[in-house]
Amino acid sequence: MIYTDIQLKEKIIQMIESFESEVVEFKEAKTNYSFNDIGKYFSALSNEANIRGFQEAWLVFGISNDKKFTGTEFRKQGGLQSLKKELVNGTNERLTFLEIYELSMHKCRIIAFQIPPAIRGIPTTWQGAAYAREHESLCPLPMNKVDLIRSQIGMDWSKEIVKEASVEDLDPVAVKKARELFSKRQSDRGKAQEILSKLSDVEVLNKAGITIKGKITRTALLLLGKSESAYFFDGFIPRITWTLYNADNSVKAYEHFDMPMLLAVDKVYNKIRNEKYRYIAGQQTLFPDEVNQYEPELIKEIINNCIAHQDYRMRGKINVEEFEDKLVFINEGAFIPETIETALEPGYKPPYYRNVFLCNAMVNLYMIDTNSMGIPMMYQIQRDKCFPLPTYDLSIANRVRVTVYGKILDKNYTQLLHADTELNMRMVFLLDKVQKKEVISKESFKLLKRQGLVEGRYPNIFVSFKVADIVGQKAAYIRNRGLEDDICKQLIVKALEAMGEASKREIMEVLENALPEVLDEGQKSKKVSNLLQAMKKEGLVAAEGKTRHAKWILQQKE
């Protein structure tokens, strides 16, 4: 998560008082600090966070080892945020800080580096070496800790043979559907027909990667097993539980759906009340759009992903919670991409699959996508409807909680997406966080601010209604640019009449609220220079002095 200054101050106090020392390191760093040592601590703290099941670790400058506030001058003149890019060149998997914070506590400047845990199964290294914490010191990552991290990939639970099980323990209806789905995977019509009519059930299941040489795997039982075959899992029942909540969050109804999971997906979907929802997406019409609250493709994709990526060793169940305006999906197991931002990157490939055999079988049955396109596809579905994007809550270790909204939350967000179809997914993702009142980084805020997509003062920002109002009317906006320049010139004249003379910087301050918010500081400076030069040619103003030290005055009329 991204912290506000208030949240982070509370977090630092908590760390000082009681946090585990293995995932927190305090350094005075009064004037400077070795970049190489920062990399080593990044590796060590990242590995320790992974081993201990934390979502983050911390390196804090400006606080001494005995936890006294001393302050730090580290990179005070600039370049602090560039550490993110600098660090990437020395770590494996291109890991870097989740965020770098700069704040004031007890009249001291404090810098807090938020460090992600090591990727599941892969120790974090710096310059090719993996580090760990040992009391107050750094040390090479011991082999027992290397094994702990690497063993997280371990044996494939889903591939193991269930020795006492047989084809008789599989549901005939589920097996028939599996044959039909697998036949659709065949590009050759002859092979498809052979699967449907000539091959035995065992032969089809072997080819589909569900059984191994006719032997029943956990994957076969999970996807196709009879409900009474659950005893093969030794007291653990693979299950999806659907729960319907009243407006006051009390339980109205619930139902369990056990094996076979191949059939359970549609059963769960059919329990969900997918009512029509009417809303006005654009500003140029009075006629509302009418859509289903939830797209079937999206809901089934999430349920199938829960089945594929559940950590069944934790012996938990998949929960589908239905509220009046949203659905919540909960499954057990760490989120493999670590962050949703990573999963949305173009061309992203997961470093590993938790249940490789199960995932391959589900690909063969058209249940999930083999190219890791499921999450981007879900986000695109909601974006095309101008609805809020799915929210991934990863705050609880080894648990993924996904919320899908069945209504609009902020009409400005909806109208903006409807009017500007060219916004890329990264910008839509950030705007979605803003409409949900989630904190984004200061860098992201500045990016949205420069493009005029948000208003307010950080961190209390909101999607700009002004942009939603003018997008789609770009021609009129361009026509008005000449009028805007005239108004700026009039403001400059009024300022010089009152002040007598003014520097360019002072004139920029006068025009602060008149210049387009989409411009950065350099662009604003250039625009003011152009205005002053134009006014000089028009005989309105004159410059006394040269370059940046010049003072501008009104041109005396003859």
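This is a predicted model: local features need pLDDT of at least 70, side-chain atom pairs count only at pLDDT 80 or more; totals for chains, interfaces and linings use all residues.
## A hairpin to start with

Six bridges tie S10 to S11, and the two strands run antiparallel. Strands here are DSSP runs of type E with at least two residues, helices are H or I runs of at least four, and both are numbered from the N terminus. Two strands count as paired if DSSP finds at least two bridges between them. S10 and S11 make a hairpin with five residues between them, and Asn-249 in that turn has a positive phi of about 70°.

Residues are numbered from 1 along each chain as its sequence is written, and side-chain values use heavy atoms, with hydrogens and water left out.

## The six-stranded sheet

Where does the hairpin belong? S10 and S11 are part of an open sheet of six strands, in the order S11-S10-S14-S15-S17-S16, with mixed pairing. Its edge strands are S11 (251–257) and S16 (391–393), each pairing on one side only. Ignoring direction, neighbouring strands of this sheet are turned by 15° against each other on average.

On to the parallel part: S10 (residues 240–245) and S14 (residues 318–322) pair in the parallel sense over five bridges. Thr-241, for example, has Asn-319 in S14 as its bridge partner. Helix H9 (residues 261–271) packs on this sheet and touches S10, S11 and S14, with its direction at about 165° to that of S11. Such angles run from 0 to 180 degrees between N-to-C directions, using axes fitted to C-alpha atoms (for helices, over the stretch in contact).

## The three-stranded sheet

There's also an open sheet of three strands in the order S5-S6-S7, and its pairing is antiparallel. S5 (125–126) and S7 (137–140) are the edge strands, each pairing on one side only. Strand S6 (residues 129–134) pairs with S7 in the antiparallel sense over four bridges. Helix H2 (residues 35–52) packs on the sheet and touches S5, S6 and S7; the direction of H2 makes about 70° with that of S6.

Thr-124 sits in the loop between strand S4 (108–115) and S5. Is Thr-124 buried or exposed? Thr-124 is buried, because its relative accessible area is 1%; buried means under 20%, exposed over 50% and partly exposed in between, with a 1.4 Å probe and protein chains only. Leaving aside neighbours within four places in sequence, its contacts (heavy atoms within 4.5 Å) include Phe-42, Asn-92 and Tyr-131.

## Two helices side by side

Helices H10 (residues 296–309) and H12 (residues 356–364) pack at an angle of about 150°, with their axes 8 Å apart. H10 and H12 are therefore roughly antiparallel; the cut-offs are under 35 degrees for roughly parallel, over 145 for roughly antiparallel, 65 to 115 for roughly perpendicular, and oblique for the rest. H10 brings Asn-304, Ile-307, Ala-308 and His-309 to the contact, while H12 brings Leu-358, Cys-359 and Met-362. These residues divide into five nonpolar, two polar and no charged. Ala, Val, Leu, Ile, Met, Phe, Trp, Tyr, Cys and Pro count as nonpolar, Asp, Glu, Lys and Arg as charged, and the others, Gly among them, as polar.

## Cores

Ile-307 and Ile-240 turn up again in the largest nonpolar core, which has 92 residues; they are among the five that touch the most other members, along with Leu-223, Leu-224 and Phe-329. A nonpolar core is a set of buried Ala, Val, Leu, Ile, Met, Phe, Trp, Tyr and Cys residues joined through side-chain atoms within 4.5 Å. Not counting residues up to four places away in sequence, Ile-240 touches Met-261, Ile-303, Ile-307 and Val-320, among others. A second, separate core of 42 residues includes Ile-12, Tyr-33, Leu-83 and Cys-108.

## The whole protein

Zooming out, the protein has 21 helices and 22 strands. Its C-alpha atoms fill a box of roughly 105 × 65 × 50 Å along the principal axes. Of its 558 residues, 49% count as buried. One of the buried residues is Lys-489, with a relative accessible area of 15%, and Lys-489 lies in helix H19 (residues 481–499).
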